[in-house]
Amino acid sequence: MICLQPITKPSVLYLGPRKPLKKSLKTLTPIHSLLQYNRKPQLAGETPRVVVITSGKGGVGKTTTTANIGLSLARLGFSAVAIDADVGLRNLDLLLGLENRVNYTVVEVLNGDCRLDQALVRDKRWSNFELLCISKPRSKLPLGFGGKALTWLVEALKNREEGAPDFILIDCPAGIDAGFITAITPANEAVLVTTPDITSLRDADRVTGLLECDGIRDIKMIVNRVRTDMIKGEDMMSVLDVQEMLGLPLLGVIPEDSEVIRSTNRGYPLVLNKPPALAGLAFEQAAWRLVEQDSMKAVMVEEEPKKRGFFSFFGG
Ligand code: ADP
Ligand code: MG
């Protein structure tokens, strides 16, 4: 039996004892239908919402989160611009399958070689989603490109003739040096992506402190690459452990899912898949909560076959 239960503490979706994820999807079919909403989420807060997606550690899923949340927002009917601020290792265009359409970047805009709207790459699938890259791969950034330039860019997006977008998402580079400082400067809120391992958590904790020092107090976290089989075997920290360590509101829990890697390689973000993969649904849920300025308040509870008592969840 599956039911929604209010939570005071987060937890993770029960997928059964050490089953490969794919097989477990079957068991989750009823959850899919429960997670469908039949209304448009209510946009909370002042627009445009300028959200930096950050982590400290590299490879934890910032770019994946930016691409999937960005396209989910577009699907939910909101306009979104994603800025790839990972200047040295730009790859958001690849994840979105837009790499062949990036003709101009912010560098050309700043040099006066093109207009801002020429550098914005409109997604063909969802025209209310646009991508903006800072520079071409391997090209050098102009000296002095930093927080001020990015803030100017965000202001220019706000003042576009066609109106400001609802969301500006900034895909932050790894680390806490100049690239990080630049990426967080124009943001009013942050999504901190972490995986349930100690190295990622230590970096996330450090980054939380730096964000707060910069005046960004609205920080929500996404716990990515969660493996319930490992949590059950006590080989991985639970989402509850992560939340206790970081003390941040939870925007989403994304399971480890080979579909994420497949979608990355195809340049087709997971949230566009039909039928949706489990991780895609989880990203969609996170986008929903982002819109409503909400955090996880309810979790899916699936009861284990009697005798063995109960346990767990995610979602809501
Ligand atoms: P970052 O931007 O933080 O460096 P990426 O978003 O580029 O991280 O992700 C790094 C790698 O991890 C990519 O190959 C991506 O496909 C993979 N990945 C991210 N999230 C998941 C997940 N939930 N399940 C499986 N693979 C994932
Ligand atoms: Mg990245």
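In what order do the eight strands of the open sheet run? The order is β4-β5-β3-β6-β2-β7-β8-β9, with mixed pairing; two strands count as paired if DSSP finds at least two bridges between them. This is a predicted model, where local features need pLDDT of at least 70, side-chain atom pairs count only at pLDDT 80 or more, and totals for chains, interfaces and linings use all residues. Residues are numbered from 1 along each chain as its sequence is written, chains are lettered from A and ligands numbered from 1 in the order in which they are written, and side-chain values use heavy atoms, leaving out hydrogens and water.

**The sheet**

- Strands here are DSSP runs of E with at least two residues, helices are runs of H or I with at least four, and both are numbered from the N terminus.
- At the edges sit β4 (121-122) and β9, each pairing on one side only.
- Strands β3 (residues 80-84) and β6 (residues 167-171) run parallel and are joined by five bridges.
- Isoleucine 83 has isoleucine 170 in β6 as its bridge partner.

**Around ligand 1**

- Ligand 1 has 16 residues around it, and Gly59, Lys62, Thr63, Thr64 and Asn224 come nearest; being near takes a heavy atom within 4 Å.
- Sorted by class, this shell holds five nonpolar, seven polar and four charged residues (nonpolar is Ala, Val, Leu, Ile, Met, Phe, Trp, Tyr, Cys and Pro; charged is Asp, Glu, Lys and Arg; the others, Gly among them, are polar).
- Glycine 59 puts a backbone N or O atom 2.8 Å from an oxygen atom of ligand 1.
- α2 (62-75), β8 (218-226), β9 (250-255) and α11 (258-266) are the elements that give two or more residues to the shell.

- Most residues other than glycine have a negative phi, and most peptide bonds are trans.
- Arginine 225, in strand β8, has a positive phi of about 60° although it is not a glycine.
- The bond from threonine 47 to proline 48 is cis, with omega near -5°, and proline 48 lies in the loop between α1 (21-35) and β2 (49-54).
- Lysine 274 and proline 275 are also joined by a cis peptide bond, omega about -5°; proline 275 belongs to the loop between α11 and α12 (278-292).

How values were computed. A polar contact is a pair of N or O atoms within 3.5 Å; within protein, one must be able to donate a hydrogen and the other to accept it, and residues adjacent in sequence count only if both atoms are side-chain atoms.
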